[in-house]
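Trainee: Several structural terms will come up as we work through this entry. Please set each value against its definition before drawing a conclusion.

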Amino acid sequence: MTEKHRFAVVGQPLAKIDAWAKVTGETRYADDLVLPRMAYAKLLRSSHPHARITRIDTAAARARPGVYGVITGYDLPRVKFGILPVSQDEEALCTEKVRMVGDPVAAVAAVDEETAERACELIEVDYEPLPALMSIEESLGHPEVRIHEYGDGPNVHKNVSLQFGDVDEAFAKADLVREDVFFFEGSTHLPMEQHAALAHWGADGKLTLWSSTQTPHYVHRLLAKILDVPGAHIRVIAAPVGGGFGGKLDPFAHEIAACKLSQRIGRPVKITLTREEVFYVHRGRHPVLMWIKTGFTRAGDITGCHLKTWLDGGAYGSYGVASTFYTGVINPVTYKMPVYKFEGARVFTNKPPCGPKRGHGTPQPRFALECQLDKAAEQLGLDPVEMRKRIVAEPFTKTANHLTVTTIGLAECIDRVVEASGWPAKWKGWGQKNGDRRSPRRRGIGVGCSAYMTGAGTAIYWNSMPHSGVVLRADRSGAVTVLCGATDIGQGSDSILAYLPAEVLGLEPKDVHVHPADTSLTPVDLGSYSSRVTLMCGVAVIQAAERLKAVLLKAVAKKLGVDASRLVARDRKIGDPDDWDTAVPFARAVELGESMHGVLAFPGSYAPPKRAGKYKGGGVGPSPCYSYSACVVELTVDADTGDVILHDVWIAHDVGRALNPLLVEGQVEGSIYMGIGEALMEAQIFRKGLHKQPSMLDYKSPTTLETPEIHTILVETNDPEGPFGAKEAGQGPLLPVIPAIANAIYDAVGVRIDEVPITPEKILKALELKAQGKTPRVGPEKLPLFTFKPPIVVESAFGQPADAIAVRPFADPEPRG
Amino acid sequence: MKARLSLTVNGETREVLVAVHKTLLEVLREDLNLTGTKHGCELGECGTCTVLVDGEPVLSCLVLPVEMEGRTVKTVEGMADGGTLHPLQQAFAELGAAQCGYCTPGILLTAEALLAASASPTRDEIKAALAGNLCRCTGYTKILDAVELAALRMAPAAAGRPR
Amino acid sequence: MMRLPPFTYTAPRSVAEAVRTVADGGPDAMLVAGGTDLYPNMKRRQFEPKILVGLRGIPDLSGVRGEAGSGLTIGAVTTLSSVATHPDVMRHYPALATAAGLVSSPQLRNMGTLGGNVCVDTRCNYYNQSFAWRKAIGFCMKKDGDICLVAPSSPRCWAVSSSDTAPVLWSLGAHLRVVGPAGERTIPLSALFRDDGIEYLAKRSDEILAEILLPPADGWRSAYLKLRRRGSFDFPVLGVAVALRMDGDRVAQANIVLGAVASLPREATRAAAALVGERLTPELITRVAGLAAGPAKPLDNTDYAHFYRKKMTRVFVTRALRRLAGLDPNGAADQEVV
């Protein structure tokens, strides 16, 4: 795509195509669906964090009037499942053992929700309690208690170690070597919509499931396995998702139970989780303990970095193997890091399983790295902004760990955010605090940067097929229909699927109908995760639209008696720009095309370039391209209370190209919001084996009053990998705000809180340490005794030229259109 | 215990026979098929289920329909004037203030009550009015922008002003 | 969806009828006004009354009457929004307007009532949980169990008084008109509370709190500061209510009442006494704040660490007093803390 291209739709701040339904209450989310004869289901969940099940008696529940059916794990095929092929460790309904409070044990379908709930209480379950392991330390310290029988050691789900270059040599070359320890507390997605599913097992023996899921394709695949039914007889329809953030990416017990119950009782079955259950389903941010050692030259260059991470994984695998890698592998993408070693371990505990939450595994090390960078800058007497700018990674090169990076707009992001925030006037230098020393209210300013992937380079199960598929059909009315398995979770992917063909075909987005993900109708898109949808289904839909356009141009060219290469599509017409009066209306062009070609339906496919590093584990981290963000935060710390008052957040984000700036800004603002919550208050914490605060009141999500003004600046680098140059926007901007807040707090009051959430208690404690002349820091003090695997040692690929730019597996041999 | 109630919702009077312990939220969604009203906690802790009762924002998850007789209830389905959207609905759609859209009905109604009481609220007043509505998608930024835009368009002085 | 357990509902039209109805219902009956405290608790099955007696339809129980010079009378079923925005309350009893305006969220204040907030159930993060959660941890003595989970060796319940308005009304010297089967009585608000997390009200369950009587506002200054994580939704984990009457530049009368530090509002009498007859100097304020922090004995059963809540008592009392003294409320205590 050239800069000369004049966009008609791309770049316009258009309303989302589903916005009108959403502002009128028309949108039907999964819990809004009702079918005739529908029953309501509830799950009975474990009241023990870790126990053997010795008896389940459902007789009393079955006997209760209004109950249609009761199932336990013994009514399901005895097959374990999990989203990742390497972690098949879940049962929809536990049979032998429960591993957390909230593990599902039985399910009831009844005439209404109250009856189902009361019937659940009539189910008798006898438990033989086992010791509950509620932290990384406890799980590693009690190898005699095993949460699972598989993994890389007692209660160790995954143990990885990768080395790229010689870190010891890199540290020997450094003028300053810092070792720091950080902790990032777990948090949950807290989508406003509680998960819901409606299953209908028809009399024809075919199953339809409507669910609030971000991954209908994976749910489809896994349902076939879990229910032992041919996938060909299962249809999964993604209902509009009322917030996902990664929390609706696994196949869940409630979905499976609804399907089985529907088969059993011959009725549609709906199940909707309570808010408390959503906390148990979780799959959110891993608590991660981190040790990071980095060498710096006097000028601020990084000579090498060694990171160790310990992830508190909770009771099941979920995406945890990927999460473990992600705490390590994306770090070298932001700055020049010639040598890198990463060791990571994920530990099972008796808590709800962690998984992918916005930023999947990367906000934790980003917090550690950016805070350490600030500490190093202070020691070296460097300006924190200048130091970062100096070490921004080189575009179109490879990282130490063999990731190919294309465009990098980080330097521009830093410049823009520095200018917008008034940094030069506000930053007084290290230890030079602003303001009146007599007042407890101290202002501070801080900076952070980050990078994030635009879609995972490999699928969850190994295959060579497209990651995203589209079928685009032109109708004689002049409308175009897009079928794609992508799920709109609020980010606007359905709208992108309308904008892009409209751009290619010269239509209005309103002329494009986008069908929601439906495994019987729409080609596979892997799902709304890893910031992959805009890029992958975007490229696929452009390909399909270009194929349609080529046929239409050919047909119109024949009609007009001109060469097809002269024709353009714009303003709902196709014609010769030099003789526009003869241009043919789009609907007429479709008739001409259909007469010549037959039915006008064209596929588009996308798979990422094959760039996995040639070492075990090299499949996690590659992405077609990476987005970049720089963030400045200005805040006030109340030194009497430890309170943090955020004033403004400035964020510049390199999105490649803003296909719709309004939607990109929305993604950036939402990311900042979620990062602020994690930085200051959100925490998924436990006490006596139970979630301490499974409610909207006690799990603290920021309101309008805690959310500062967010100033978003979009930087465009026109990446060759993205659709019209676009990169991701939905996750990356979450990363830099957390360390920027921590760094601004240091600027304000001179204390380092190396642990999120940064609560008033921790700030006060650090201020007391400071007053006592001790190290003004609050954070983890010790690391677990743990031996990582011997590393897989690979040569650093740092600085090598990028390979395979814009080479796409399913592209046409020569460009069309 | 069931009760026969006469409820005035979105200007229409409807007779329902419902158990008295069903909340307004449940009756709206399950008996009147007004599923535009959403729920996020059912305990008064998130604001998602907000509706207007006699023009005031209340949480339908903590209201009994039996207490609603003789009062008027308004849900998101009642905001548009026939085929014409309320300026708030228009502004929310245009500015991207609805992402997943799940908190949107409650926020729209809360904002409608604010603008009915105060034609041109400050940004801080809008934040205070919406402090009882959680949103996890937007960071509230575009929501506040949209309320400001709607207020501008609704202000009589704005008539004829290009926006 | 969380749902209410079944009950029957009656809506009496007068206080007398309400008293009769609740007396007839006996232990199966409960009073409800705004429902914002009771209904969530019913959904989590802290309460399963068979009969609910709704007070919202009783006209006598709503509204603000009288004038500040002789003292306002506020019907117990007046919504918190109405109290917070009432011009006479805002002008003459500013701490009450502040406290009412800080309860939970805007929507909830449109529903919740002043009487309901005064009588709000004590809270504890072992108690305000679902039935399944409480069953999993082993029920506590406040509901269904026999031990206190926050202080297992304790013979009593330590649930926390979580009203914003009660400490303020106490500091203002408010009285309550309570109506029961045996007739009506007027008691000081301070006499409404008991130091017990379970039986926290000294009011019989068949007595109706009808009115809150505020003394003449003449010469009183008042302030309320609330500690909580967020600016909305959250209950207080510390409330500081201060009311002062000045005689020239000296304090003539002073009341300091702390909320959310015990099972009932706690009056800081020694601290208040130390103010009387004195000028409100920064030094005096610092000393008084230290005294006021004495009665605060928070336990680890709400948001924020209890040591932090204890520490904040001193800061918040300082700030409240400085505000009433006309000093910069924030220019205070840095020399103590940092």
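Mentor: Two residues are in contact if their C-beta atoms, placed from the backbone, lie within 7 Å. The model is predicted, with local features needing pLDDT of at least 70 and side-chain atom pairs counting only at pLDDT 80 or more, while totals for chains, interfaces and linings use all residues. Residues are numbered from 1 along each chain as its sequence is written, and chains are lettered from A and ligands numbered from 1 in the order in which they are written.

Trainee: How many residues of chain A are in contact with chain B?

Mentor: On the side of chain A there are 40 residues, in contact with 39 residues of chain B. Helix H1 (19-24) and H17 of chain A each supply at least two residues of the chain A side; helices (H or I, at least four residues) and strands (E, at least two) are DSSP runs, numbered from the N terminus. H17(A) gives the largest share, seven residues.

Trainee: What makes up the side of chain A that touches chain B, by class?

Mentor: That side has 18 nonpolar, 15 polar and seven charged residues. Here Ala, Val, Leu, Ile, Met, Phe, Trp, Tyr, Cys and Pro count as nonpolar, Asp, Glu, Lys and Arg as charged, and the others, Gly among them, as polar.

Trainee: How many residues does the contact of chain A with chain C take from each chain?

Mentor: It takes 33 residues from chain A and 28 residues from chain C. Helix H3 (113-122) and helix H19 (760-771) of chain A each supply at least two residues of the chain A side, and H19(A) gives the largest share, five residues. By class, the side of chain A that touches chain C has 13 nonpolar, seven polar and 13 charged residues.

Trainee: Why is H17(A) called oblique to H18(A)?

Mentor: Helix H17 (residues 661-680) and helix H18 (residues 734-749) of chain A pack at about 40°, with their axes 8 Å apart. That angle makes H17(A) oblique to H18(A). Angles under 35 degrees count as roughly parallel, over 145 as roughly antiparallel, 65 to 115 as roughly perpendicular and the rest as oblique. The axes are lines fitted to C-alpha atoms, for helices over the stretch in contact, and angles run from 0 to 180 degrees between N-to-C directions.

Trainee: What is the handedness of the crossing in which H17(A) passes H18(A)?

Mentor: The crossing is right-handed. A crossing is left-handed if the near helix is turned anticlockwise from the far one by less than a right angle, and right-handed if clockwise. Among the residues that meet are A:Ile672 and A:Met674 in H17(A), with A:Val737 and A:Ile741 in H18(A). The residues of this contact divide into nine nonpolar, two polar and one charged.

Trainee: Which values describe H10(A) and H18(A)?

Mentor: The axes of helix H10 (residues 363-380) of chain A and H18(A) come within 8 Å and cross at roughly 35°, and this crossing is right-handed. A:Phe367 and A:Cys371 are among the H10(A) residues involved, and A:Leu735 and A:Tyr746 among those of H18(A). This contact divides into 10 nonpolar, one polar and three charged residues.

Trainee: What makes E18 and E30 of chain A stand at the edges of their sheet?

Mentor: Four strands form an open sheet of mixed pairing in the order E18-E26-E27-E30 (chain A). Strand E18 (441-453) and strand E30 (709-715) each have a single partner strand, so one side of each is left without a neighbour in the sheet. Two strands pair if DSSP finds at least two bridges between them. E18(A) and E26(A) meet this with 13 bridges in the antiparallel sense, and A:Ser450 stands opposite A:Ser629 in E26(A). Strand E27 (residues 644-654) of chain A and E30(A) pair in the parallel sense over seven bridges; A:Trp650 stands opposite A:His711 in E30(A).

Trainee: Why is A:Gly165 called buried?

Mentor: A:Gly165 has 20 other C-beta atoms within 10 Å. A residue is buried if 20 or more other C-beta atoms lie within 10 Å of its own, exposed if 12 or fewer, and partly exposed in between, with C-beta atoms placed from the backbone. A:Gly165 is therefore buried. Its place is in the loop between strand E7 (156-164) and helix H5 (167-173) of chain A. The C-alpha atoms of A:Gly165 and A:Glu795, 630 residues apart along the chain, are separated by 5.2 Å.

Trainee: How many residues of E18(A) are buried?

Mentor: In E18(A), 12 of its 13 residues are buried, and the strand is mostly covered.
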